[in-house]
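Dear colleague,

I am passing this structure on to you, and below it you will find notes on what came out of it. Please read them with the model open beside you.

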Amino acid sequence: MNKLVPSLVFLVVLCMCPVSHGAVPVVNRGNGPQFDRSRLPPSLRKDFDAFEIKCSRCHSLERVANSFLTGMAPISGRPLDLDTIKSTLLDMMRKSAKHKAKGQEISKEEIKPILALMKYFLDESVK
Ligand code: HEC
């Protein structure tokens, strides 16, 4: 019986492991990958709303969802890590500055919660 204990412990631990595929909250209802707000922790939903408004003005969020599904920035092909995310966000801020007159510039303050959200997606994508 005592010999069985390690294997039982192993089995229990194995069952507690998260599923091995990514857990990025993305769905595909036949119109390309879209973020699924309902699968986000409630504490991130407000930040998600800001992200949705700010980041979908020039392109769809499918581009962003895809990066977390493939582990690659879809246009530049850079591997998706925290550095790539930070420099992409800086790029997007610069691009948005051209739309300042329309009040569509993304400020430093506004980018912080978006970066936190991206970190969350990144963590979920590498599980
Ligand atoms: C002012 C317009 C504009 C806004 C606002 C904008 N983007 Fe972009 N985005 C672009 C353009 C244009 C590209 C195409 C690539 C390039 O020109 O660098 C792009 C490309 C991307 C890429 C692919 C980058 C790569 O290296 O493959 C990602 C990811 C992305 N945007 C995410 C975001 C996020 C997240 C936000 C919100 C913070 C955002 N975008 C807001 C214009 C915008």
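Helices and strands are here DSSP runs, a helix having at least four residues and a strand at least two, and both are numbered from the N terminus. In those terms, the secondary structure of this protein, which is a predicted model, comes to five helices and two strands. Starting from the N terminus, the order of the elements is α-β-β-α-α-α-α. The protein has 127 residues, of which 28% count as buried. Among the contacts in the protein with a separation of 6 or more, 53% are accounted for by residues 24 or more positions apart.

The iron site

The ligand carries an iron atom, and the protein donors of that atom are His 59, through NE2, and Met 92, through SD, which lie 2.0 to 2.2 Å from it. These two residues are 33 residues apart and link distant parts of the chain, since His 59 sits in the loop between α2 (45-55) and α3 (62-70), while Met 92 belongs to helix α4 (residues 82-97). The iron atom has six donor atoms around it, and because the angles they subtend run from 84 to 179°, the arrangement is octahedral.

The packing of α4 and α5

On the α4 side the contact is made by Leu 82, Ile 85, Lys 86, Leu 89 and Met 93, and on the α5 side by Lys 108, Ile 111, Ile 114, Leu 115, Met 118, Lys 119 and Leu 122.

Individual residues

Phe 121 has its place in helix α5 and, at 0% relative accessibility, counts as buried. Leaving aside residues up to four places away in sequence, Phe 121 touches Val 24, Pro 25, Phe 35, Leu 40, Phe 48 and Phe 68. One of these residues, Leu 40, is 81 residues from Phe 121 in sequence, and yet the two are 9.7 Å apart in space, C-alpha to C-alpha.

In helix α2 there are two residues to look at, namely Glu 52 and Lys 54. Glu 52 is partly exposed, with a relative accessible area of 36%, and its C-alpha atom is separated by 9.4 Å from that of Phe 35, which is 17 residues away along the chain. Lys 54, by contrast, is buried, with a relative accessible area of 17%. With residues up to four places away in sequence not counted, Lys 54 touches Glu 105, Ile 106, Glu 110 and Ile 114, and Ile 114 is also one of the α5 residues that make the contact with α4.

Ser 67 lies in helix α3 and counts as buried at 7% relative accessibility. Again not counting residues up to four places away in sequence, Ser 67 touches Met 72, Ala 73, Pro 74 and Leu 80.

With kind regards

Key. Residues numbered from 1 in each chain as written. Predicted model: local features only at pLDDT ≥ 70, side-chain atom pairs only at ≥ 80, totals over all residues. Heavy atoms only, no water. Donors = N, O, S within 2.8 Å, 3.2 Å for Na, K, Ca; no water. Tetrahedral: all angles 85-135°; square planar, octahedral: opposite > 155°, others 65-115°. Buried < 20%, exposed > 50% of the residue type's maximum accessible area, 1.4 Å probe, protein only. Contact = heavy atoms within 4.5 Å.
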